[in-house]
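Student: Could we go through this structure together? I would like to discuss its helices.

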Amino acid sequence: MGPEVSDEALVKLAVNGDGEAFGHLLERHYDLLFRVAYRFCGHREEAEDIAQEVCVSLPSKLKTFKGQSRFTTWLYQVVVNRVKDWKRKQSTASRLQNAYVEVEALRQEEAAETSRNLKWLEELMAQLPEDLKETAVLVLGEGMNHREASEVLGLKESTVSWRMGELKKALRIMAREEA
Amino acid sequence: MNKDLKRLENAFREQRLEPDSKVKAEAISAAMRSFHTEKKSAAAQGISEQTRLKEQGGRNETLSNWRRVMNSIQSKWTYGLAGSASVAVLAMMIVGPNVGDVLLPQESLLENPVVANKPLKPENETALVDNPQNREATGLSSPGVALNEAVRDEGVSRVANEAADLLSANRSRQQSQPQLHFNKGVNVGGAVPATKSLSIAPSTIDVPSQQFQGQGRDKFEAVDANPVKIVREDPVSTFSVDVDTASYSFMRASLNSNVLPQKNAIRIEELVNYFDYDYDVPTEKSAPFKANVSIMPTPWNAGTKLLSIGIKGYELPQVETPSSNLVFLIDSSGSMNAPNKLPLLRNSFKLLLSTLKPDDTVSIVTYAGGAGTVLEPTKASQKGKILAALDSLRAGGATAGAEGIRQAYNLAQLSFKEGGVNRVILATDGDFNVGISDTEALKSYIERKRETGITLSVLGFGRGNYNDQLMQTLAQNGNGNASYIDTLSEARKVLVEEAGSTLFAIAKDVKLQVEFNPALVGEYRLVGYETRVLDREDFNNDKVDAGDIGAGHTVTALYEITPPNSASALVDPLRYNAPETQFDGDASEYGFLKIRYKLPDSNTSSLITQVIDTGHAVQTVDAASQDSRFAASVAAFGQLLRGGQYTQDFDYDDVIELAQSGRGIDPFGYRSEFINLVRLAKSAAALQPLKQ
């Protein structure tokens, strides 16, 4: 089965019990799950856990995919909700803080090869408020347009646009502080 | 595009996030298993997603699952607290003046006085969350939100479960908070429960939905009782010894808060082995133990007999105890901030100190916020220094990764004592994330370390999210033992009285095998040891791992045996395959017992054998020894708690009567305590509206 088979077709097969199709779906999209989870929570192991949880929950969840949106949009929704759950259930900031401390340690180890931009990104992600961060991850990180991002986040498109404006402001202020 | 945004976009692009291919493969295979399970159970209704995962999944899923459970607890907890916040605070105030440690939360509150006002500063956020009282405050503000979110995400079918969990969290929280102090009162005040606790009791009255009581989020492996076996078909029974006692203390903690423990929390052999029995002890270290066999009528079934096999390990004279190098690895994360956790732990370790020899070394590593060595290897003679380090422990911060466990093993390596006891003692409430991302990896890490001579013991503390299975797994793989510490007297029992057996193994890989004689035994059933059963061929295979026995440990195994052709037989004889009536066995022998063990420094096993014959049998329960009667009463109690599948109409009162007849001298009061627990179970059972 090549990549030319659409996600939606694979989903249909999987829902009807085709394990191979389901496996292909996972192969194809695991990276996305992991990437988004990582960017949202900033912690590799947590992201791996979240990605795995999403994978494991998919067999039962797939049935709820009705095909009104693209499969990836739906998948983004699932992982974003899962991450949000995770965050809420965390002792909120404590673990997060910790996560970034670990990232920080890793970063120091690899400081030599880590570019300035990456360092900046990590610091930025640790500082940004949640709403701006999730918007940034989807729009800039995943290259979605405002409408797609709004669909994933369950917001109005205008809210996403507004947030992008806020993000711009926040970045400008930080850039000024940096300078 | 704006240049700042562009920069961010480029940074994202530059941050190439490659998932670890192994982790990816694992996730996918876990999902595939889930897929097939889903397919199979599509018709089955009403099973929650988590149950299915737990039954079907491999270790990794269990871990993720566990973490998820842990995570969801935190929010539910918060919600649960909303109802009882004021009560909890009140209780702390009351107890505070009596027990200094209970004041901890207030202390830490003072350390971070202005937490609530500063926005989004991570350090303050941490403090806010880790302080239980603030946690309560947070919970008060948005319980409804949490519930709604859950509904949206998981679909309507989950709502009921979620709500149930919320209620149970709510409930057990309300229950346990005051009860903790009740327990405390027992320890501090002496033998009789202080009536003072009555002043707090009203808080438990307005509690909803009793049926969720006691289910908690404590995790136990589901185990079915060993089945009845027919001697003709399956004459040989093989199992590994089990010297853990965690199950007993967990049961006690439950019953002391008037809740019947969940069925799977009860491992009968651990209840029976909690007590010391007066078995014959060998005098030589070379043969580390003797087998003691006795047979009496089964108290709960007149038609069967109870075969008891007891062994007691050789006790090392004090001069011979090897020197020890102990590393305390202490979980000091925020969740340990409860009177029955960190403060109890601190006092427990102080007790352990008193048993050490001056040359023994102690080090302390904590993991919370950042893992840290609190105490470099220090000789036990410098008691003041060690005590000061223990006293400086404060709960707070999140659990920090692999670092803690690695540091602990490094320290153990650093002060390694050739020929001595080198052991990491992990103390945690189970809410620990040791950072190695799956149980398998953690297990193999501990196994590798065991091969270098460093063993691991696990001390469990607290209730609410105690992860029994993980603790057992870790301790078993580290050749150590798992104990559950609920009170200071339990700490004394485990760490002081049994320090010898806890620390010094005298035999390892101890396996028992009994072959029954069909001439005298028709059916048999091993009581307990469900998780320790071995295959017949494993007995002689020295590669198969089994339990260790420490100095002075007693281990007891009970079989319920039914005579052939007895009316009490549970299995009917076959009509078409009528058995031959010829027996080769001697009609005076019930069976033949074999024990295999290895000396601690040997890799080949030795064998002890013993004939079980009619000379070991007594005709009435009263004629049996006190120890036998008491052991039988404990086994009966365990079976009742597990649902009483084989105990007929034997009830709690019968247990009490039998236990009283076998109480004996009871110098430390453990047996009397047991009898009180049975009484508590009787009243808890009466409260329990639904059988679990």
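Predicted model: local features only at pLDDT ≥ 70, side-chain atom pairs only at ≥ 80, totals over all residues.

Tutor: Residues are numbered from 1 along each chain as its sequence is written, while chains are lettered from A and ligands numbered from 1 in the order in which they are written.

Student: How many helices and strands does chain B have?

Tutor: Chain B has 21 helices and 16 strands; these are DSSP runs, helices being H or I with at least four residues and strands E with at least two, numbered from the N terminus.

Student: And what share of chain B is buried?

Tutor: Of its 692 residues, 50% count as buried, that is, with 20 or more other C-beta atoms within 10 Å of their own, the C-beta atoms being placed from the backbone.

Student: Switching topic, at what angle do helix 2 of chain A and helix 2 of chain B cross?

Tutor: The axes of helix 2 (residues 19–41) of chain A and helix 2 (residues 21–40) of chain B cross at roughly 150° and come within 10 Å. Axes are lines fitted to C-alpha atoms, for helices over the stretch in contact, and angles run from 0 to 180 degrees between N-to-C directions. The two helices are therefore roughly antiparallel to each other, the term for angles over 145 degrees.

Student: Which residues of chain A make that contact?

Tutor: Helix 2 of chain A contributes Gly19(A), Phe22(A), Gly23(A), Leu26(A), Glu27(A) and Tyr30(A). Among their partners in helix 2 of chain B are Ile28(B), Met32(B) and Phe35(B). Two residues are in contact if their C-beta atoms, placed from the backbone, lie within 7 Å.

Student: What about helix 7 and helix 8 of chain A, how do they cross?

Tutor: The axes of helix 7 (residues 130–141) of chain A and helix 8 (residues 146–153) of chain A come within 9 Å and cross at roughly 130°. Helix 7 of chain A makes the contact through Glu134(A), Thr135(A), Leu138(A) and Val139(A), and helix 8 of chain A through His146(A), Ala149(A), Val152(A) and Leu153(A).

Student: Which residues are buried in helix 1 of chain A?

Tutor: In helix 1 (residues 7–15) of chain A, Leu10(A), Val11(A) and Ala14(A) are buried. They cover an arc of only 105° around the axis, which puts them on the same side of helix 1 of chain A; the arc is that of the directions from the helix axis to the C-beta atoms.

Student: What follows that helix?

Tutor: Helix 1 of chain A is followed by Gly17(A), which has a positive phi, near 100°.

How values were computed: Buried ≥ 20, exposed ≤ 12 C-beta atoms within 10 Å, placed from the backbone. Parallel < 35°, antiparallel > 145°, perpendicular 65-115°, else oblique.
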